[in-house]
Amino acid sequence: MATTTKKSTTKRAPSNGSALKPFKTLSNPDLRVYVGDCREVLPQIEEVQRSQVDLIFADPPFNWKRAYDKWDDDMPDDEYLRFTYDWLDLCVGALTDRGSMWVNIPDDWAAEIVVHLKSRGLHMVNWCIWHYRFGQNTSGRFINSKVHALYFAKSRKDRTFNTQDILEPSDRATTYFDPRTFNKKEGTSGMRLPMDVWYGKYWGRIQGNNAERRHNHDNQIPEVYLERVIRACSNEGDLVMDPFLGSGTTGLIAHELGRRAIGIEYSKDNAVSAFERIKAGPVRVKKDTPTVHTTAIFAPRNVGKKTKERLADQSRD
Ligand SMILES: C[S@@+](CC[C@H](N)C(=O)[O-])C[C@H]1O[C@@H](n2cnc3c(N)ncnc32)[C@H](O)[C@@H]1O
């Protein structure tokens, strides 16, 4: 395998942060929320100045004329791109040598961001798709049903990737009962890494996921999305940062999973709401019980009771 997985061995002392006073804080593990424009806040954060951020998840405004509480989501394209390149550059500079960065972005801007991050020396590890089924109806063009989840890393090989923490049942096991998938040697019997198109139970923003909904946050990302990113690309004690905190999903899941976290949000009201959510804890993600769901779309093949029993025994051995 091309990647290495190193669990954090050094326990870092809690930082007292930066010249800029955080708006809200939690401890154990440390969490800081800042209010302001991330382009102004980021350069004032000590860990950003020192390139000590292990993982960044960024879900910026898409320039879709959304009625954000404060932010103007309707810039001329060239201005939006300047804004985008500015925050991207600050984030690239904040990463550790083993650090990773994820950007959640629609079709409109994905290509520009990929080209820009490559030009800044980051390596593209995966171009994932978050498939959702709540896109607005259209006429004369297809309905939007995806956002790009771009996974970049400072180093292609020396980066955190915790395979064992994000496995899901393989279709070969759940649907086709293929004996080859029950191979114990790899420690992944009947399981595999998720594919690069993400969907399934609790991956919707609305359908099937109302329990997670926060009032006034129509851009909220599902908990399981951040669970996958954070479990895969960081270790306990690592520092996770989100420059566009919104309803707080990144801070919420990072905190639950024992990571330190920094979130920046332009709107004070959103920051208050995010902080309250983080304090209350996730609806479904729990540190000691990783979410494991099949994403198979076909009904299990009828292979007979005996074969199923034999394979079940084999996978328990
Ligand atoms: C797409 S939403 C993020 C949603 C978030 N991922 C969640 O799960 O709730 C973008 C957020 O970024 C905030 N924002 C916009 N421009 C910003 C900036 N320059 N600095 C910091 N926050 C900003 C908006 O107020 C909005 O809450």
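Here's a quick briefing on the chain, its ligand shell and one of its helices. Keep in mind that this is a predicted model. The chain runs to 317 residues, and 34% of them are buried. Its secondary structure comes to nine helices and eleven strands.

**Overall fold**
- Take the contacts between residues at least 6 apart in sequence: 72% of them join residues at least 24 apart.

**Around the ligand**
- The shell around the ligand has 22 residues, and the ones that come nearest are Asp59, Phe244, Gly246, Ser247 and Thr249.
- Two elements give two or more residues to that shell, namely helix 1 (38-41) and strand 11 (260-265).
- By residue type, the shell splits into nine nonpolar, eight polar and five charged.

**Helix 3**
- Helix 3 covers residues 77-94, so 18 residues in all, and its first and last C-alpha atoms are 26 Å apart, close to the 26 Å you'd expect at 1.5 Å a residue.
- Its buried residues are Thr84, Leu88, Cys91 and Ala94.
- Those four sit on the same side of helix 3 because they cover an arc of only 115° around the axis.

Notes:
Residues numbered from 1 in each chain as written. Predicted model: local features only at pLDDT ≥ 70, side-chain atom pairs only at ≥ 80, totals over all residues. Near = placed C-beta within 6 Å. Nonpolar A, V, L, I, M, F, W, Y, C, P; charged D, E, K, R; others polar. Buried ≥ 20, exposed ≤ 12 C-beta atoms within 10 Å, placed from the backbone. Contact = placed C-beta atoms within 7 Å. Arc of directions from axis to C-beta.
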